[in-house]
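Reader: I have a structure to go through and would like to ask about it bit by bit. Can we start?

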Amino acid sequence: MDREPFGIIAGAYDPFRREKIDIYVRNGLVERVVPAANRADSAAGDSRVLDASGYVATPGLVETHIHMDKAFLSERLERPAATLGEAIEMTAALKPGYTLADVTARSRRALERSLSFGVSLLRAQVEIDPVLGLLSLESALALKAEFAGRMTLQFVAFPQEGIFNQPGAARLLREAIRLGADAVGGIPYNDRDAGEHLDFVFRLAAEAGLPVDLHLDFSDDPMQLAIEDVIVRTLEYGLEGRVCVGHLTSLGSVPPDRARRIAEHLAKAGIHVFTLPATDLYLNGRGDTHAVRRGIAPVGLLLDAGVNVCFGTNNLRNAFTPFGTGDPLDIALLLAQTSYMGTEADAARLLGMCTDRAATALGIDSWALRPGAPADFALIRADSVQDLIYDRPRERLSLRGGRLLA
Ligand SMILES: [Zn+2]
């Protein structure tokens with residue numbers, strides 16, 4: 001049953017404007033945003049006015065990077081993984097047991113969690129390999145239809161097990177693109193040759209006119225560094241602004257002068273970085289016997305260089321990450337704690353990293369509370385942006401086209 005859209009969302013706090021605002025909605029779009037102090041009293045008592053005082057208004061939360069098809073697998077594991085290689089191996093061993101119903105049930109559980117936290121745009125990494133074939137994508141496309149009107153979903157065709165070390169994987173990736181994947185994925189550190197892998201991914205993306213979304217440099221080894229090759233190919237294929245890289249943790253172990261130079265090139269090439277701290281902190285640094293490194297991307301250095309850094313949940317309760325709720329604000333707090341982001345400005349920046357900045361990375365530029373943008377936003381019970389990030393209140397409302405979602 002469709003609910004009536006609200007005409008005015010009144011009195012919410014806007015952490016970017018740093019004032020209380022009224023949002024006027026017409027035909028599913030934001031018509032105007034004005035300071036609440038300017039409101040005429042005649043609006044009071046109108047049933048089309050949603051009293052949002054006590055809430056922070058933000059564009060809908062964005063999940064940039066999640067694996068819903070391998071979420072909630074922990075109970076099938078005999079023991080936790082001790083390394084990234086083990087996590088990949090243990091998860092691959094479970095794949096022959098996946099069925100369409102199983103993948104769909106676990107994925108739906110992940111999506112329902114995201115929705116309950118106020119996520120309205122989500123990009124999932126969908127695994128394509130010769131064992132699963134296109135089963136994960138088939139499940140994802142059905143869920144896209146099921147969640148239409150509540151959440152915008154994008155899917156990355158992700159060759160988790162590699163491309164060239166898996167006979168048939170290249171053909172399946174092409175087929176996934178034909179069926180409707182939104183981005184070409186890649187994982188050069190899990191194939192026989194990283195350069196060959198990247199060449200294939202960039203060529204396929206350029207041919208299909210799609211963006212690239214890579215798993216990259218997931219290590220604490222400064223020598224495992226494919227990012228420079230990615231920068232070169234981004235420029236070569238004219239994909240500036242259309243390439244995202246997840247993890248990029250090796251860069252955190254690179255000496256600062258070189259890391260800064262790489263960050264400057266990343267900014268120039270418009271490459272978006274998704275830091276995935278829940279998984280990165282859990283799996284990196286395992287070889288350090290003392291002075292253990294955090295093993296996450298150098299977020300401050302990248303931001304200072306002007307790189308669009310966002311973050312993602314990545315995994316929920318599996319070999320890669322045995323915990324996780326799916327709330328982007330949990331990851332925001334984790335990043336605040338581990339990347340020295342403790343001021344009010346940092347809190348606003350963290351919120352931007354899971355709203356408008358994240359949407360930009362996913363190719364959507366209209367993700368903001370401004371005239372002409374879709375009236376899709378979240379209202380979260382909090383008095384300030386610090387309370388929002390540090391307390392992660394559960395009292396949240398999602399609006400889509402000005403309509404309140406159930
Ligand atoms: Zn991932």
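Reader: Which residues are the protein donors of the zinc ion?
Author: This is a predicted model, where local features need pLDDT of at least 70, side-chain atom pairs count only at pLDDT 80 or more, and totals for chains, interfaces and linings use all residues. Residues are numbered from 1 along each chain as its sequence is written, and side-chain values use heavy atoms, with hydrogens and water left out. The donors are H65 (NE2), H67 (NE2), H215 (NE2) and N314 (OD1), at 2.1 to 2.3 Å from the zinc ion. Donors are N, O and S atoms within 2.8 Å of the metal (3.2 Å for Na, K and Ca); water is not among the atoms, so sites may look incomplete.

Reader: Why is the arrangement of the four donor atoms irregular?
Author: Because the angles they subtend around the zinc ion run from 85 to 174°. Four donors count as tetrahedral if all angles lie between 85 and 135 degrees; four count as square planar and six as octahedral if opposite donors are over 155 degrees apart and all others between 65 and 115; anything else is irregular.

Reader: How are the donor residues spaced in sequence?
Author: The spacing is H-x1-H-x147-H-x98-N. H65 in strand β6 (residues 61-66) and H215 in strand β10 (residues 212-216) are 150 residues apart, so this pair links distant parts of the chain. Strands (E, at least two residues) and helices (H or I, at least four) are DSSP runs, numbered from the N terminus.

Reader: Is H65 buried or exposed?
Author: H65 is buried, at 0% relative accessibility. H215 is buried as well, at 3%. Buried means under 20% relative accessible area, exposed over 50%, partly exposed in between (1.4 Å probe, protein chains only).

Reader: New topic. How many cavities of 30 Å³ or more are there?
Author: Three. On a 1 Å grid over the protein atoms alone, a cavity is a set of points where a 1.4 Å probe fits but cannot get out, and lining residues have an atom within 4 Å of a point.

Reader: What lines the largest cavity?
Author: It has 13 lining residues, with Q160, Y189, H215, H247 and F320 nearest its centre. The space inside is about 70 Å³.

Reader: And which residues line the second largest cavity?
Author: P59, S366, W367, A368, A373, P374 and D376. That cavity holds about 50 Å³.

Reader: Last one: how many residues of helix α11 are buried?
Author: Seven of the 10 residues in α11 (residues 344-353) are buried, among them D346, L350 and M353.

Technical notes
On a 1 Å grid over the protein atoms alone, a cavity is a set of points where a 1.4 Å probe fits but cannot get out, and a pocket is an open set with protein on both sides within 12 Å along at least five of seven lines; lining residues have an atom within 4 Å of a point. Grid points are joined across faces, edges and corners, and a volume is the space filled by probe spheres set on the points.
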